Amino acid sequence: MNALKPVLSKPWIWSWLAAALTFAATALFTGGSSAFGLSQATLTFAAFSVMVGLGQMLVITLGPGNVDLSVPATITLSGTLALKFMETESSLILPGLLVAIVIGLAVGMANYALIKLLRIPPIIATLSMSFLVQSLAIWSNRGLRIKPPEALATFTTGTVFGVPNIALAGLLLSFVIWWLLERSIYGRWISAIGQSPFAARMAGIPVDGTRFVTYVLCAVLAAICGYLLASFSGGAALNMGTEYLLMSIAVVVIGGCAVAGGNSNVPGIWGASLFMFLVVSMLNTYGFGAGIRLMLTGLIIIAVIVAASRPLNGRK
Amino acid sequence: MTIRKILAASAAVFVCAMAPLSAHADTSGKKIALSNNYAGNSWRQAMLTSWDKVTKEAVKAGVVASADAFTTAENQATEQAAQIQNMILQGYDAIVINAASPTALNGAVKAACDAGITVVSFDGIVTEPCAWRIAVNFKEMGRSQVEYLSKKLPKGGNLLEIRGLAGVFVDDEISAGIHEGVKQFPQFKIAGSVHGDWAQDVAQRAVAGILPSLPDIAAVVTQGGDGYGAAQAFEAAKRPTPIIVMGNREDELQWWKKQKDANGYETMSVSIAPGVSTLAFWVAQQILDGKDVKKDLTVPFLRIDQDTLDENLKTTQKGGVANVEYSQADAEKVIAGAK
């Protein structure tokens, strides 16, 4: 029991536990024969939530009031413009990724400019930015669907030794963010700002610079997600990002990160993303109607959050 | 003299039917407005483009004086009601509405009727009795899919149903039609049902999640905008491709064509053409012209089959939705069909 304590006290353990349970329940429906197919589908779709979740996690770590609502619009714009730029030309795949990243940089900088220069609260600044960005996406292609280059589509839907490439890309980004959060000075700074911006400023932390980098990182991650998502699903669409606004916030909360900021973790984002996909699949598999399904999803999420935030013995 | 007049009149009617843009003097001074609640997807964009194209020619030909389109920013019934009040003050003779709500605009619509304005609602219809309704028979749209499948698969099999946005009237209607069809052809069984929100990527994710637990699927019944995502999910899971009913989107038709050329894949595609806005325009024009028009009209489906796939694909804009623009003659046919 004592040996289990350090593991049980991790805030992310609950999301993983919930993911494992829902996985088992879904696979059991077919007596286990669906386990391989289900895990592949789960890894693929969870990876998209992970990408946007990581960015949102960094922003939320900055403390109360910090949230990026422009994530869906950024996904749509980067998917639309990057695919339009590549024009199904396989030689332009890398420049296309660059276009997506530049869009992320631009949106992130514009977000922070609104927050800092015009002193608009983040929630309103990023919301109004999302209207601008979404209108730009509508205006740029009038809702027409543009196909990805063949090679890129093959890559995003392909697998290596049974593991989806998208999941590997998500894992790679997670390692980068994990390193930033846990091993670099930047991670210490955002946690410090989240715990007390005043104390952080007194301690000589460049608060504005750190916040600026965080908003830019979040937008860039959303842009990369948009680029991959559009290539994966066979084209960009105007409403492709809609799902990812609440998703990005939910995975942060379910993953056991502090909603008030200052304390975050990367493994929880994965556990929560896997769980969010699995819970819908499970309820679909058991054939519940939409009303019951949405209600159960809500109840299960509340249960996991309560479990994750319950003070354990030995913790305050 | 009278015989000559009758001849001239019938010739005019004939010319009208053949070349609908030739002017009919009675409405040449009339102003028609389009009140639209939403523009944020490819279907609505195509709807507005069609309206623009057809009405511009009609104005040039002198059929009506003007036909302006207005779209509200927020998809809110209150905002659209205010918009309609403005149109009353601006003195339009007819207002064509794609409504944000079937009931919330009734007050504004009644005010317009009382001011002597002809109100025609389409797609998103209003229930106010003084307005005309050009409605879609969504139930039949769902039922006809199962009927088609019963001919293709006489032995029946398992169906996967992809629904739209939970809680929306259209989703309930199409789904009810599909279930009616399954009752009519009991060799089919709905093995699973997911919500795809009429979006390819949402449908793809939902289907990928349920697919591993499903038995062999013979066909997928859909609501439009979700067929390509379903096809992608089946391909990713390396399962045999069932008959997937499509919804007239260009990428769906493109995928169908590729399968057809490769292995003779057969299916059908059904949806409402965005050009239904132009049908509403002509119906409004006919009413202003003094024609006797029933209050409830039905929009014909735009259905694409194996033999009409190629020509429809040719006329569909890349990345858009298959479309037809209606003429005055089409409107007359719909009006006559309702009697």
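Reply: In α7(A), Leu152(A), Ala153(A), Thr156(A) and Thr157(A) meet Leu228(A), Ser231(A) and Phe232(A) of α11(A), where contact means that C-beta atoms, placed from the backbone, lie within 7 Å. Helices (H or I, at least four residues) are DSSP runs, numbered from the N terminus. This is a predicted model, in which local features need pLDDT of at least 70 and side-chain atom pairs count only at pLDDT 80 or more, whereas totals for chains, interfaces and linings use all residues. Residues are numbered from 1 along each chain as its sequence is written, and chains are lettered from A, with ligands numbered from 1, in the order in which they are written.

Me: How is the geometry of such a pair described, and at what angle do the axes of α7(A) and α11(A) cross?

Reply: Two packed helices are described by the angle between their axes and the distance between the axes. Here the axes of α7 (residues 150-157) and α11 (residues 207-232) of chain A come within 8 Å and cross at roughly 95 degrees, and the two helices are therefore roughly perpendicular (65 to 115 degrees).

Me: Which residues of α2(A) are buried?

Reply: Buried means that 20 or more other C-beta atoms lie within 10 Å of the residue's own; in α2(A) these residues include Trp14(A), Ala18(A), Thr22(A) and Phe23(A).

Me: How many residues of chain A are in contact with chain B?

Reply: In chain A 32 residues are in contact with 32 residues of chain B, and α13(A) gives the most to that side of chain A, with five residues.

Key. Contact = placed C-beta atoms within 7 Å. Axes fitted to C-alpha atoms, helices over the stretch in contact; angles between N-to-C directions. Parallel < 35°, antiparallel > 145°, perpendicular 65-115°, else oblique. Buried ≥ 20, exposed ≤ 12 C-beta atoms within 10 Å, placed from the backbone.
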